[in-house]
Amino acid sequence: MTATDDTTRPAPRERATGSAEAGGAGRSGRARRRGTTRRLRSVPLYLAGVAVFLFSVFPVYWMVITALKPVGEIFTRDQTVFPRTPTLEHFDRVLNGQLIPGVNFWQFLGNSLFVTVAAVAMGAFLSLLAAVAVARFRFRLRTTFIILLMVIQMVPMEAMIISIFINFRQLSDVSGMQLLGNLSGLLIVYTAVSLPITIMMLRGFVAAVPKELEEAAAIDGAGPWTVFWRVLMPLVAPGLVAASIFAFITAWNEFIVALTFLGRSTDNYTLPLTLSYYFGRFGTEWGPIMAASTLLTIPVMLFFLFVQRRMVSGLTMGAVKG
Amino acid sequence: MPQTVEPAAEREAERPVRAPVTEPAPRRRKFPTPYLLIAPALILLAIVLLWPIVQMVWYSLTSFTTRNLLPNQPGPAWNGFAHYQSLLTDPEFWAILRNTVVVCTLMVGITMVLGTLVGLLLHKLPNWFSGIVALGMMLAWATPALSASLVFRWLFLPERGLVNVALDGLPDWLVGDGWLEYNWFLEPLSLFSILITVIVWQSFPFVAVSVLAGLKSIPHELYEAARMDGASAWKAFWNVTFPMLRPLFALLLVLQIIWDLRVFTQLYILANSFQNKDVYLLSYYIYQQGFSASPANYGMGSAIAVVMTVMILAVTAYYLRIMIRQGETR
């Protein structure tokens, strides 16, 4: 902040010189030469930009291209950057064959979709309730709750994996429900994991809805549920979509919990687990592996393009404002 | 908490709407509603994520193995600090801890520096061009960890991987020979190099895009003023950009450390086995103790997990400080 005070002062001087330069544009020779120099000087910048672009895109490109190459072009030392005879055979094998004996791709896709969509829907509902509480009410445990969310968000699943596994085994025994070896346990964990970040993201959206709107609706005789659904929901919906997509991507990519919870129950495997299993058994089949990797990536890419901006602001939460 | 919920529900039903209309102040006294609203989320979090943290500490002090999970078996026996003692005297653990810290530091350092440089670059480039570059970066960012790890394993595959083929194609006096058959995934140095590359590849876009957003928020006059005062680009960065974006950098640093400490999926695919303890990181070690070692040693795994959690919580404390300063907890 002190930087602002110290350095804004010379600004008018700069503006004055700037206009003087613009006024002297008639002597164009020097100005043009300067323009060329500037353009020349920006060449390295463009080159750096191209390098960053290639570095970012190339592995993805290589994944897709390998998936499109016939087996003969994969099993060779003569790797080409373009496929000579592109083919969809690997995609065909992934989509219509059996990645794991007895189970096909569509079942795994169904498992993944079911567990992620259901977890996101439940998470969104619970988060919205909590976000309303945090944004609209002052209560004694409010700050404690917020700090709790921040801490939980940070403690990684990788550290807790053993105790979570045992916890769910014991929960299964106590409740008589089978929570491991099928999708129900995963569903519960993914819902819980999505809560902290979703609540924190939604909180800002709820707070941005003017309280007067709700009060006006209440004066007009709307009950709390009507206010919630007809006034709050439409205004919070964009935030809900962004937070839900964020939760979707997290759950869609989740690996270690699925790995420990599902064990050998291959019927219930999610897509990442299927891919890892397939890689473990057929580690040299790079065509299908890359085709399946591509299929795993596509939904995330689409969603990413959709929420990209909000993702940054959601994660750095206000830090940009300084 | 659950006890306060019951009477809360009734009172809420009695006078749902009137309170906010007449006077806003009674909200402060009307505790039940907010507690009712956070209760479902809180209960779920408590059962699924909080209780296991407590359990983790308890298990680390017991000799918990798979046997104790079988029906009609006694619970795990108290073991004191034996696990911690054997960890602290075990050179293998210290090597893994050291590797984790070194690898994580490199990941975070490279990601932050590269991300910041790219952010600055995007800021300097014209909009149309930086838009294209950012779109490309989005692809790297969005690629699931599993897909990314598999692609990098394929790129560095002995015999046929593109990197090996390309290195083999380069003149021997430049890079040496024998690259074609070189197996990157056996030795810690080469394996960790690839691991760091994967992580940096996936995480620098987030840093770059955040820094870019931050840069756009800095008033342009500050840079013009710095230039008039004869400051070089280097000085302008350290005297204008960095102080202005300090909270952002602090936050990015914390997030990166926490995300990179937990790296598991990428290592699981790249190492592709639990045989070589030289290439373990903490999270990998925890998983191995709990689910790959035979018999599974839950007690020891939990002790390692406690060590990792303490490291994470130390960083989280710093994160909380930033958040509280920014008023995010208010």
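Of the 330 residues of chain B, 42% count as buried. Buried means that 20 or more other C-beta atoms lie within 10 Å of the residue's own; exposed means 12 or fewer, and partly exposed is in between, with C-beta atoms placed from the backbone. This is a predicted model: local features need pLDDT of at least 70, side-chain atom pairs count only at pLDDT 80 or more, and totals for chains, interfaces and linings use all residues. Residues are numbered from 1 along each chain as its sequence is written, while chains are lettered from A and ligands numbered from 1 in the order in which they are written.

Chain B has 16 helices and zero strands. Both are DSSP runs numbered from the N terminus: helices are H or I with at least four residues, strands E with at least two. The radius of gyration of chain B is 26 Å, well over the 20 Å that the globule rule gives for 330 residues, so the chain is more spread out than a compact globule. That radius is taken over C-alpha atoms, and the rule is 2.2 Å times the number of residues to the power 0.38. The C-alpha trace of chain B spans about 85 × 70 × 35 Å along its principal axes. Among contacts in chain B between residues at least 6 apart in sequence, 67% join residues at least 24 apart. A contact requires C-beta atoms, placed from the backbone, within 7 Å.

Now bring in the partner. In chain A, 93 residues are in contact with 101 residues of chain B. Helix 15 (residues 286-316) of chain A gives the largest share of chain A's side, 14 residues. By class, that side has 63 nonpolar, 22 polar and eight charged residues. Here Ala, Val, Leu, Ile, Met, Phe, Trp, Tyr, Cys and Pro count as nonpolar, Asp, Glu, Lys and Arg as charged, and the others, Gly among them, as polar.

Helix 8 (residues 142-154) of chain A has 13 residues and reaches 19 Å from its first C-alpha to its last. That is close to the 18 Å expected at 1.5 Å a residue, where the expected span is 1.5 Å times one less than the number of residues. Its buried residues are covered by elements of both chains, including helix 7 (105-136) of chain A and helix 4 (32-59) of chain B. A:Phe145, A:Ile146 and A:Leu149 are among the buried residues of this helix.

Helix 15 of chain B is mostly covered: nine of its eleven residues are buried. Among them are B:Tyr284, B:Tyr285, B:Ile286 and B:Tyr287. They pack against helix 9 (157-175) and helix 13 (256-262) of chain A, together with helix 6 (91-124), helix 14 and helix 16 of chain B.

Next, the core. Which residues touch the most other members of the largest nonpolar core? They are A:Ala130, A:Leu202, B:Ile286 and B:Ile304, in a core of 184 residues. Helix 11 (residues 188-217) of chain B supplies its largest share, 16 residues. The core also draws at least three residues from each of domain 1 (2-87) and domain 2 (105-321) of chain A; these bounds come from an automatic or database domain assignment. A nonpolar core is a set of buried Ala, Val, Leu, Ile, Met, Phe, Trp, Tyr and Cys residues joined through C-beta atoms within 7 Å. Leaving aside neighbours within four places in sequence, A:Ala130 is in contact with A:Ile199, B:Leu37, B:Ile38 and B:Ala41.

Finally, look at the loops of chain B. A cis peptide bond joins B:Ser294 and B:Pro295, with omega about 0 degrees. B:Pro295 is found in the loop between helix 15 (282-292) and helix 16. B:Glu159 has a phi near 75 degrees, a positive value in a residue other than glycine. It sits in the loop between helix 8 (145-155) and helix 9 (162-169) of chain B. B:Glu159 counts as partly exposed because it has 14 C-beta neighbours inside 10 Å. B:Asn272 is not a glycine either, yet has a positive phi of about 60 degrees. The loop between helix 14 (265-271) and helix 15 of chain B holds B:Asn272. With 16 C-beta neighbours inside 10 Å, B:Asn272 counts as partly exposed.

Notes
Contact = placed C-beta atoms within 7 Å.
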